[in-house]
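Q: I would like to learn how to read a protein structure feature by feature. Please show me the model, and let us begin with a single residue.

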Amino acid sequence: EVQLWLKYVISTRFAIAGALGVGSACSPAMGQTCANPCTATSLKAKFVCHVGERRTLNDSDNFDHVPKYLLKCDQGHTMEGHVVREMFAVCSAATECWECETDCGCEVSCYRCKPCGAVYCNNCSRTKLGLPRQTDGGGVHLEVMPGDIFMAGPDKFGIHHVILCRSEWQEVDPEVYACLTDLEPGTHLLACETIESTQGSVGDDTWWYPATTYFCRNPRDGSAMLLADLKNESREISQAMEPVPTKVLLHPLRGHDDEDTFNDEAFEEIIGESAQSSKKYGKFTAVRSVISGLLKDEVIHASKYQTEQEKVDLMTKIRKTWQEKPICASVAVQCWQRYLERISDSDVEAADEILKYMPHWCHKSTPSSLVKELTQHGWVMSDSFDA
C-alpha cells in the first residue's frame with residue numbers, strides 16, 4: 001500500500017514535471033535556438049588552454065596521499081556526497097559545515113557522514129581531499145576526461161540532469177562565442193563532447209543525444225554553468241533559457257594509480273554501441289527510480305553477491321537492466337557497467353569491478369542516489385570547475 005501511494009504521488013509530480021519539459025538542460029522546451037546558426041564545421045580540435053594554466057587531477061601534489069579519493073570524517077567514517085533529493089527535499093541532518101559554518105541546507109551540495117552527522121561544504125571537502133580551495137581565483141580550470149559525469153541543476157522539482165562526458169575540454173570556435181548571448185566580459189567558456197538521454201532531444205539515428213556541450217566558468221570562484229549544446233553534425237546552437245548550475249563527478253580511474261587505468265578508446269566504443277541500441281526516454285523508469293530511491297532499492301549491495309555463482313547471476317541481471325528504457329542517469333550507469341565488463345576477463349571479474357566502481361541498478365537510479373553512492377566508491381564531487 002505504501003508503494004502504491006508513493007507511486008501515485010510521484011507519478012502525479014512527474015506528470016507535472018514532464019509537462020513543463022523537465023529533463024534536459026537545453027531541450028527545446030527549456031532552451032532556444034540561436035537566431036544565427038553557427039557555420040562552424042568542427043569542434044573536435046585539441047583544447048587550447050586560453051583560460052590559464054592547465055592542471056590535471058593526477059598531479060602528485062594533489063592526490064598521492066588520497067589514492068582512492070574517499071572523504072573521511074574525523075571519526076574515520078566514509079562520507080557521502082549530497083545533492084537535493086528529487087521531488088522530496090527532506091533533510092534532518094546538520095545544515096552548517098562543521099569546519100567553516102557555511103550553509104549546507106538540503107538544496108546545497110556537500111558531503112555528509114551518516115553515522116555521526118558530520119557535514120562538510122564542497123570547499124572544505126576539497127581541502128580534506130587534498131585539492132586547492134575554491135577561493136584563489138587563479139584561472140586554473142579543472143581537467144575533465146571521458147567517463148566523468150556532469151550534474152546540471154537542480155530545477156524547481158529538485159531534479160538534476162545527468163550528462164556523460166566523452167572527451168577532454170576542446171577548443172571553442174569563435175563563432176560559438178558570437179552565437180551565445182548575455183556572456184559577461186571575461187567569462188571562461190569550456191566545451192566537451194557529451195551524450196545523454198532526454199525527453200526533448202535525440203540523435204539523428206539514436207535515441208540518446210550526442211552533442212558538444214558548452215559551460216561557462218566564473219573566474220572568481222570557479223562556479224560553473226551549463227549554457228548550451230551543439231548537436232552532432234548540426235550548425236544550430238541550442239541555448240538554455242537561463243544558465244544552469246553544474247556540478248561534476250570525477251571518476252576514480254584517472255591514471256594516477258598503476259593498478260587503475262582508463263582506456264579512452266574502449267569507453268568510446270562502448271558509448272557508440274550503447275547509443276546504437278538505445279531506447280526512448282522512459283517516464284515509467286523515472287517514476288520507478290524515485291520510488292527505488294525512497295525505498296533504498298537502487299544500489300547493488302556487494303554483501304548479496306559473495307560467491308562466484310552469485311556474481312555470474314548478478315551479471316545476468318545487470319545485462320537485463322540495460323534493455324530497459326533509460327532516464328538521464330541510466331546512460332552513465334549503463335556505459336560504465338558495459339565498459340567494466342568489456343575490460344574484464346570473466347563475469348566474476350566484471351561483477352567485482354562493477355561492485356567496486358558502479359554498484360547501481362541502471363533502470364532505477366536517480367541523480368541524487370547516484371551521487372550518494374559513487375562518492376563512497378572513489379568518485380569525487382565538485383561544484384567548481386577550479387582545479
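A: Buried means under 20% relative accessible area, exposed over 50%, and partly exposed in between (1.4 Å probe, protein chains only). This is a predicted model, in which local features need pLDDT of at least 70 and side-chain atom pairs count only at pLDDT 80 or more, while totals for chains, interfaces and linings use all residues. Residues are numbered from 1 along each chain as its sequence is written, and side-chain values use heavy atoms, leaving out hydrogens and water.

Q: Which side chain does Glu99 meet in a salt bridge?

A: A salt bridge is a side-chain nitrogen of Lys or Arg within 4 Å of a carboxyl oxygen of Asp or Glu. Here Glu99 pairs with Lys128, at 3.5 Å from N to O. The two are 29 residues apart: Glu99 sits in the loop between strand 2 (80–82) and strand 3 (110–112), and Lys128 in helix 3 (residues 122–128). Helices (H or I, at least four residues) and strands (E, at least two) are DSSP runs, numbered from the N terminus. Lys128 is partly exposed too, at 31%.

Q: How many salt bridges are there in the whole structure?

A: A search finds 11. One of them joins Arg342 and Glu273 at 2.6 Å, N to O. Arg342 belongs to helix 8 and Glu273 to helix 5 (residues 264–276), so this pair ties together parts that are 69 residues apart in sequence.

Q: Now the inside: which residues touch the most other members of the largest nonpolar core?

A: A nonpolar core is a set of buried Ala, Val, Leu, Ile, Met, Phe, Trp, Tyr and Cys residues joined through side-chain atoms within 4.5 Å. The largest one here has 77 residues, and Ile149, Phe150, Leu164 and Trp336 touch the most other members. Helix 8 (residues 328–342) contributes the most, with 9 residues. There is also a second, separate core of 12 residues, Leu180 and Leu230 among them.

Q: How many residues of helix 10 are buried?

A: In helix 10 (residues 367–374), 7 of the 8 residues are buried, including Pro367, Val371 and Leu374.
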